[in-house]
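Reader: Could you put the model up and take me through it? I would like the cut-offs spelled out as we go.

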Amino acid sequence: MEMLWTVTNGDTDTTDQIYTLLSGLYADGRETEMLEALRTLYGVLGLPFPEDVEQLSGHPEARGYFLFSFLLDHDDAIEDYKAEQDGA
């Protein structure tokens with residue numbers, strides 16, 4: 001999330017759109033597509049996609065738990081960045 005925040009120069013509209021996209025895919029049960037969106041986002045940011053996350057694709061329960069946790073962490077991190085930006 002730090003890289004996303006940096007690349008977007010703290011653009012909350014962009015980070016909110018990404019969160020909306022990812023959470024919408026998750027809410028619709030489209031975990032495979034959400035994982036693909038994450039893979040694409042990592043690529044756009046110039047980051048390697050974590051191998052351990054890649055291995056989750058064949059394990060639906062583990063994948064679902066990871067993606068749910070990812071959304072919570074994403075939201076927390078972005079809210080922290082927003083608070084820092086507002087306080088600066």
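Author: Let me begin with a definition: buried means under 20% relative accessible area, exposed means over 50%, and partly exposed is in between, with a 1.4 Å probe and protein chains only. By that scale Tyr-42 is partly exposed, because its relative accessible area is 25%. This is a predicted model, in which local features need pLDDT of at least 70 and side-chain atom pairs count only at pLDDT 80 or more, while totals for chains, interfaces and linings use all residues. Residues are numbered from 1 along each chain as its sequence is written, and side-chain values use heavy atoms, with hydrogens and water left out.

Reader: What does Tyr-42 pair with, and in which geometry?

Author: A search of the whole structure finds four aromatic pairs, where rings of Phe, Tyr and Trp (its six-membered ring) pair if their centres lie within 6.5 Å, and planes under 30 degrees apart count as stacked, over 60 as edge-to-face and the rest as tilted. In one of them, the rings of Trp-5 and Tyr-81 are stacked, because their centres are 5.5 Å apart and their planes are at 15°. That pair links distant parts of the chain, since Trp-5 is in helix α1 and Tyr-81 is in helix α5, 76 residues apart. Trp-5 and Tyr-81 are both buried. As for your residue, Tyr-42 forms an edge-to-face pair with Phe-49, at 5.3 Å centre to centre and 85° between the planes.

Reader: And is Phe-49 buried or exposed?

Author: Phe-49 counts as buried, because its relative accessibility is 18%. Arg-39 lies over the face of Phe-49, 5.1 Å from the ring centre; the criterion is that NZ of Lys or CZ of Arg is within 6 Å of the ring centre and within 35 degrees of the ring normal.

Reader: Switching to helices, how far apart are the end C-alpha atoms of α2?

Author: They are 22 Å apart, which agrees with the 22 Å that the 16 residues of α2 (residues 12-27) should span at 1.5 Å a residue. The expected span is 1.5 Å times one less than the number of residues, and helices (H or I, at least four residues) and strands (E, at least two) are DSSP runs, numbered from the N terminus.

Reader: Which residues of α2 are buried, and what do they pack against?

Author: Thr-15, Ile-18, Leu-22 and Leu-25 are buried in α2. Seen down the axis of α2, the buried residues fall within an arc of 100°, so they line one face of the helix; the arc is that of the directions from the helix axis to the C-beta atoms. They pack against α1 (2-7), α3 (31-44) and α5 (60-87), with contact meaning heavy atoms within 4.5 Å. On the other side of α2, Asp-13, Gln-17, Thr-20 and Ala-27 are exposed.

Reader: What does His-74 touch, leaving out residues up to four places away in sequence?

Author: His-74, which is in helix α5, touches Met-1, Leu-4, Thr-15, Ile-18 and Tyr-19 on that count. His-74 is buried, because its relative accessible area is 2%.

Reader: One more, about Glu-31: where is it?

Author: Glu-31 is in helix α3 and counts as buried, because its relative accessibility is 15%. Not counting residues up to four places away in sequence, Glu-31 touches Leu-25, Tyr-26, Pro-60, Arg-63, Gly-64 and Leu-67.
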